[in-house]
Amino acid sequence: FDYKSGQWVRVSCAAQGMDEYHPFTLSSAPHEEHLSLHIRAVGPWTLRLRRTYNPENVKEHAWPKIFLDGPYGEGHQDWYRFEVAVLVGGGIGVTPFASILKDIAEKSRRKEKINCKKVYFLWVTRTQKNFEWMTDIIRQVEETDTRDLVSIHIF
């Protein structure tokens, strides 16, 4: 499965019927071994998806199949072309940046030659709860970014 950071896929769950696909941004980076999505359970379909994959409910049977269609979108690949890049996200709209930031940090760790000398990531979030799901990703980026390429600011 080849993709670029910032792309998205359409997801369908066999347990919920095969005729309904929903779009979600990939939160994993292309270099990572596992594909990941962060899905906020707010509507009927995503709430049913959460219940379907709750470990307590899956004890009695196998994990239902998930079908992915994509990836779609060009991804956000222009950041490295400029000496300074500013990435701005708001609320849950920050999901594409999880993938992009991990990709940037990995390029920094591998000391890949890129034109970009600094990336400023600005994230505006209304609540602490919105921040919590991305805490581990931010920590991972800070630890992996050996060239101090990324500067993270949360408001």
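Predicted model: local features only at pLDDT ≥ 70, side-chain atom pairs only at ≥ 80, totals over all residues.
Lys111 is exposed, with a relative accessible area of 56%. This residue sits in the loop between α3 and β5 (118–124), and its phi, near 55 degrees, is positive although the residue is not glycine. The briefing below begins with the protein as a whole and then turns to single elements and residues.

**Overall architecture**

- The protein contains five helices and six strands.
- Read from the N terminus, its elements follow the order β-β-α-α-β-β-α-β-α-α-β.
- Along the principal axes, the C-alpha atoms fill a box of roughly 50 × 35 × 25 Å.
- Among contacts with a separation of 6 or more, 72% are made by residues 24 or more positions apart.

**Surface, burial and charge**

- The protein has 155 residues, of which 38% count as buried.
- Its accessible surface amounts to about 9400 Å², and carbon and sulfur atoms contribute 52% of that area.

**Helix α1 and its surroundings**

- Helix α1 spans residues 44–52, and its buried residues are Trp45, Thr46, Leu49 and Thr52.
- These buried residues line one face of the helix, because they fall within an arc of 115 degrees when α1 is viewed down its axis.
- In general, an α-helix has 3.6 residues a turn, so residues three or four places apart point the same way.
- Pro44 and Arg50 are exposed residues on the face of α1 turned away from the buried side.
- The cover over the buried residues of α1 includes the strands β1 (8–13), β2 (22–25) and β3 (66–72), together with helix α2 (55–58).

- Leaving aside residues up to four places away in sequence, Trp63 touches Tyr53 and Val58.
- Thr52 and Trp63 are 11 residues apart along the chain, and their C-alpha atoms are separated by 8.5 Å.
- Ser108 is part of helix α3 (residues 95–109) and counts as buried, with a relative accessibility of 0%.
- Leaving aside residues up to four places away in sequence, Ser108 touches Asp145, Thr146, Arg147 and Leu149.

**Cysteines**

- Cys13 is buried, at 0% relative accessible area.
- Cys116 is likewise buried, its relative accessible area being 4%.
- A disulfide is a covalent bond between the sulfur atoms of two cysteines.
- With a sulfur-to-sulfur distance within 2.5 Å as the criterion, the count of disulfides is zero.

**Backbone features**

- Most residues other than glycine have a negative phi, and most peptide bonds are trans.
- Gly70 and Pro71 are joined by a cis peptide bond, with omega at about 10 degrees.
- Pro71 itself lies in strand β3, one of the elements that cover the buried residues of α1.
- Asp148 has a phi near 55 degrees, a positive value in a residue that is not glycine.
- The position of Asp148 is in the loop between α5 (135–144) and β6 (150–154), where this residue counts as exposed at 53% relative accessibility.

Key
Residues numbered from 1 in each chain as written. Heavy atoms only, no water. Buried < 20%, exposed > 50% of the residue type's maximum accessible area, 1.4 Å probe, protein only. Helix = DSSP H or I, 4+ residues; strand = E, 2+ residues; numbered from the N terminus. Arc of directions from axis to C-beta. Contact = heavy atoms within 4.5 Å. Areas by Shrake-Rupley, 256 points an atom, 1.4 Å probe, with all protein chains shown as cover.
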